[in-house]
Amino acid sequence: MGSSSILRRGPRGFKALVVLVFLSSSLTYGQVGPLTPSQKAHQVAGDVLLGAMPALALGSTFIWQDGQKGAYQFSKALIGAVVLTYGLKLAINKERPNGENNNSFPSGHTSVAFASAAFVQKRYGWEYGIPAYLLAGYVGYTRIKTTKHDGLDVLAGATIGVGMSYLFTKRYEGKKKLGVSSGFIENIPTIGLTYKF
């Protein structure tokens with residue numbers, strides 16, 4: 001099934017892509033040594049964000065109601081990031097820091113997370129992109145913390161993800177329906193979200 005046939009199938013094609021991402025990550029999964037409880041918590045959080053970040057990026061296109069254009073742009077960016085990442089993994093064949101296999105370079109989790117974050121930032125602006133990039137950065141951190149990747153793997157994954165989203169994403173020109181604000185209540189930092197109907 002080619003990337004163009006996935007895109008032509010609309011939401012079903014995107015679901016197939018998400019399943020493909022999860023299957024490809026699970027096929028290369030298997031820790032060589034035991035993880036500490038802290039490492040295990042970071043691993044679980046990184047794995048959850050691997051699925052949550054693309055879902056949030058795709059969900060953002062429905063929040064702004066910008067039609068299929070945003071979803072189509074995100075699908076192209078995500079497919080490009082996944083294909084390039086796994087192509088490089090096979091071509092470079094670099095051993096992971098924990099020694100479990102030779103699929104270390106670049107980090108797939110990081111490329112998916114940064115493709116999602118960069119899509120949100122480029123399409124809808126920095127006020128939404130900054131939190132998305134913070135989550136993506138944490139995904140990269142979890143990959144290093146659990147000895148799945150080193151810094152170079154994570155940096156390459158981030159570069160691929162951002163590059164693909166910048167290549168395929170255009171700025172959204174419609175009215176923004178979601179607003180983000182921050183402040184303090186009794187010296188406690190707060191973040192507020194507003195949605196205009």
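## Aromatic pairs

In this predicted model, the count of aromatic pairs comes to 6. One of them brings together Phe114 and Tyr133, whose ring centres lie 6.1 Å apart with the planes at 40°, so this pair is tilted. It links distant parts of the chain, since Phe114 sits in helix 5 and Tyr133 in helix 6 (residues 126-145), 19 residues apart. Phe114 and Tyr133 are both buried.

Tyr133 has a further partner in Trp126: here the ring centres are 5.7 Å apart and the planes stand at 35°, so this pair is tilted as well. As for its setting, Tyr133 has a relative accessible area of 17% and counts as buried because the cut-off is under 20%. Elsewhere, you will find one aromatic cluster formed by Phe74, Phe119, Tyr124 and Tyr172.

## A buried arginine

Have a look at Arg123 too, which belongs to helix 5 (residues 108-124). Its relative accessibility is 3%, so Arg123 is buried. Which residues does Arg123 touch, leaving aside neighbours within four places in sequence? Its contacts are Asp66, Lys69, Gly70 and Gln73, together with Thr169, Lys170, Arg171 and Tyr172.

## The chain as a whole

The chain holds 7 helices and 2 strands, and from the N terminus on they run α-α-α-α-α-α-α-β-β. Of its 197 residues, 45% are buried.

Among contacts between residues at least 6 apart in sequence, 71% join residues at least 24 apart. The accessible surface comes to about 10,400 Å², and carbon and sulfur atoms account for 67% of it.

Terms used
Residues numbered from 1 in each chain as written. Predicted model: local features only at pLDDT ≥ 70, side-chain atom pairs only at ≥ 80, totals over all residues. Heavy atoms only, no water. Helix = DSSP H or I, 4+ residues; strand = E, 2+ residues; numbered from the N terminus. Buried < 20%, exposed > 50% of the residue type's maximum accessible area, 1.4 Å probe, protein only. Contact = heavy atoms within 4.5 Å. Areas by Shrake-Rupley, 256 points an atom, 1.4 Å probe, with all protein chains shown as cover. Phe/Tyr/Trp six-rings, centres within 6.5 Å; stacked < 30°, edge-to-face > 60°.
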